[in-house]
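Have the sequence and the 3D view open side by side.

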Amino acid sequence: MVGVYNYIVAALPIYERVVAFMLNIKGGKAEGIESIREAAGAGGEASVDAKTALSLFLAREHQYPEALSLMHELYGSYPHNFHYGLSEAGLLRSSGKLAEAVAAYRELLALAQRNVFPQPLLPRTAINLGLTLHTQGNYHAAADAFESVAQMTGADREQAARAKLLAGEMHDLLRERDAATRKYQEVIAMNGDSIEIREARRLLKDPYHEP
């Protein structure tokens, strides 16, 4: 807990750190991470929580090899914990290991279909898979991943709208303008004034292009 406290205080925006300093609340990232690392290696009940926190903080500091190693260990020890699997896939993606990330996301979706996980976040996983495929330049597969969200249970309104919008963008990149237009219209038909709906209206007039 002291390690987490020290890291979080050090990670605060500068104006909040000034207030904390005035209240004699101090912290340090390196000090915090080292304390958590010690707790992670000490065994006992706090070890799992420490490893989880350490992996997240290391990823925030772009120290991906150790973060990945920790999360891989946690997922291996708790293979029914969907969040560990999703975090490992996310770390692979963030560290630039795109092919491994794609494989990890697809495995999570396959395992979820076999009811391995009690509460899998399928829409989020499919969207992250699509985003990774997009980064790879595999627009066809990315569109399929985004469009699969519509058949998944548990997708909220924002996820559904985002998935449709992203699918439309992939169709635009593939120069499949009619398919892209249909997706944008589906987003707009959801009604409201969300960011996705406003963007869909814009893309109806001006096809999506890579930034």
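Predicted model: local features only at pLDDT ≥ 70, side-chain atom pairs only at ≥ 80, totals over all residues.

Residues are numbered from 1 along each chain as its sequence is written, and side-chain values use heavy atoms, with hydrogens and water left out.

Now look at H7 itself (residues 98-113): at 1.5 Å a residue its 16 residues should span 22 Å, and the end C-alpha atoms sit 23 Å apart, which agrees. (The expected span is 1.5 Å times one less than the number of residues.) Its buried residues (under 20% relative accessible area, 1.4 Å probe, protein chains only) are Leu-98, Ala-101, Val-102, Ala-104, Tyr-105, Leu-108, Leu-109, Leu-111 and Ala-112. Their cover includes helices H5 (64-77), H6 (82-94) and H8 (122-136).

Over in helix H4 (residues 46-60) you'll find Ser-55. At 1% relative accessibility, Ser-55 counts as buried too. Leaving aside residues up to four places away in sequence, Ser-55 touches (heavy atoms within 4.5 Å) Ala-67, Leu-70, Met-71 and Leu-91.

Finally, find H10 (residues 157-173) and H12 (residues 195-205), whose axes come within 10 Å and cross at roughly 20°. The two are therefore roughly parallel, a label for angles under 35 degrees. Arg-157, Glu-158, Ala-161, Arg-162, Leu-165 and Glu-169 of H10 make the contact with Glu-196, Ile-197, Glu-199, Ala-200 and Leu-203 of H12.

Definitions and conventions: Axes fitted to C-alpha atoms, helices over the stretch in contact; angles between N-to-C directions. Helix = DSSP H or I, 4+ residues; strand = E, 2+ residues; numbered from the N terminus. Parallel < 35°, antiparallel > 145°, perpendicular 65-115°, else oblique. Buried < 20%, exposed > 50% of the residue type's maximum accessible area, 1.4 Å probe, protein only.
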